[in-house]
Amino acid sequence: MQKMKNIVIIGGDARYLPLIQTLNKKSDIHIQILGFDLVEQSYTGVMQSSIDNLDTSNLDGVVLPITGIDDQGYIDTMFSNQRIQLTNKWFQSLPQNCFVFTGISNKTLDEYTSSRGLTLIRLMDRDDVAIYNSIPTAEGAIMLAIKHTDITIHHANVFILGFGRVGETTANAFAGLGANVSIVSINEADLARIYERSWQGYSFKQIGNVIEKCQILINTVPSQVVNRSLLEKMNNQAIIIDLASKPGGVDFDFAKKRGIETIHALGLPGMVAPKTAGEIMANRIASLIQSS
């Protein structure tokens with residue numbers, strides 16, 4: 001018989017309500033929640049706990065917000081007015097076989113978990129989670145493009161920088177709506193795949209020669225590739241949607257000076273499809289916990 005697994009979910013955004021509901025349906029997982037006191041218990045179906053009352057000695061998993069903790073150990077609590085701080089001492093109280101789930105990490109969280117020998121799982125670094133999440137991300141990019149332009153996606157010149165997990169899904173989504181898709185990549189194998197799909201492919205050295213045709217630019221590269229020299233060649237009627245994590249890949253200040261509209265679209269899955277995004281994370285967490 002499968003041993004009951006004990007998980008605590010501490011804070012989070014709109015994705016975490018369906019995450020809680022999905023995990024609560026698992027017969028071999030018992031969950032507790034902190035930082036959701038503004039949500040009716042009848043909605044989550046789970047009793048609230050507090051940091052002082054939580055017994056950490058038998059925990060198999062700790063689920064942190066996508067953003068993890070800040071440099072002082074505080075977490076995002078969208079559904080609570082209380083501030084929750086997780087100290088190094090708190091992490092030391094966890095069993096060594098406890099999994100700590102986060103979306104992204106920082107030096108503080110890395111140090112707190114490694115000093116206790118805990119397994120830290122960065123969900124957004126995992127191919128399975130990232131590929132699933134790329135679907136609502138691409139849909140969100142389309143939503144923003146429709147909302148902030150006065151042209152149809154059909155036959156629009158859409159340039160996508162990067163052909164990773166998000167870039168590929170986004171390219172497929174825009175191409176499905178009839179856009180003229182161009183991809184910019186540093187990878188020769190990517191450029192070959194792009195050619196196979198009958199899209200235009202460019203290296204970053206070539207992009208400056210054709211960027212003036214761009215009407216919608218989607219960046220997925222988490223380093224400043226949309227720099228001053230590229231922005232100077234862009235049509236100022238174009239729109240830039242940056243999907244890369246902070247600090248993004250765009251020189252936002254210079255884009256503003258040129259009058260080019262930019263949107264740094266962080267956390268799109270949580271905004272456009274929180275139910276789907278929450279269920280994706282819940283199922284990955286459950287699978288990892290249950291197999292341990």
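Predicted model: local features only at pLDDT ≥ 70, side-chain atom pairs only at ≥ 80, totals over all residues.
Residues are numbered from 1 along each chain as its sequence is written, and side-chain values use heavy atoms, with hydrogens and water left out. Local features need pLDDT of at least 70 and side-chain atom pairs pLDDT 80 or more, whereas totals for chains, interfaces and linings use all residues.

Helix α4 spans residues 107-116. Helices (H or I, at least four residues) and strands (E, at least two) are DSSP runs, numbered from the N terminus. In α4, T108, L109, Y112 and T113 are buried. These residues cover an arc of only 115° around the axis, which puts them on the same side of α4. The arc is that of the directions from the helix axis to the C-beta atoms. An α-helix has 3.6 residues a turn, so residues three or four places apart point the same way. The face turned away from the buried side of α4 carries the exposed residues K107 and S114. Buried means under 20% relative accessible area, exposed over 50%, and partly exposed in between (1.4 Å probe, protein chains only). The buried residues of α4 pack against α3 (88-92), β4 (99-102) and β5 (119-122). G117 follows α4, and its phi is positive, near 80°.

Six aromatic pairs are found in the whole structure. Rings of Phe, Tyr and Trp (its six-membered ring) pair if their centres lie within 6.5 Å; planes under 30 degrees apart count as stacked, over 60 as edge-to-face and the rest as tilted. W90 and F91 form an edge-to-face pair, at 5.2 Å centre to centre and 90° between the planes. The ring centres of F99 and F101 lie 6.0 Å apart with the planes at 20°, so this pair is stacked. Both F99 and F101 are buried. Ring pairs also link W90, F91 and Y112 into a cluster.

The largest nonpolar core has 27 residues. Such a core is a set of buried Ala, Val, Leu, Ile, Met, Phe, Trp, Tyr and Cys residues joined through side-chain atoms within 4.5 Å. I9 and F101 touch the most other members. β1 (5-10), α1 (16-24), β2 (29-34), β4 and α11 (274-290) each supply at least two residues of this core. α11 gives the most, with six residues. Beyond its neighbours within four places in sequence, F101 is in contact (heavy atoms within 4.5 Å) with residues including V62, L64, I121 and I285. Another core, of 25 residues, lies apart from the largest one; among its members are I153, A171, W199 and I241.
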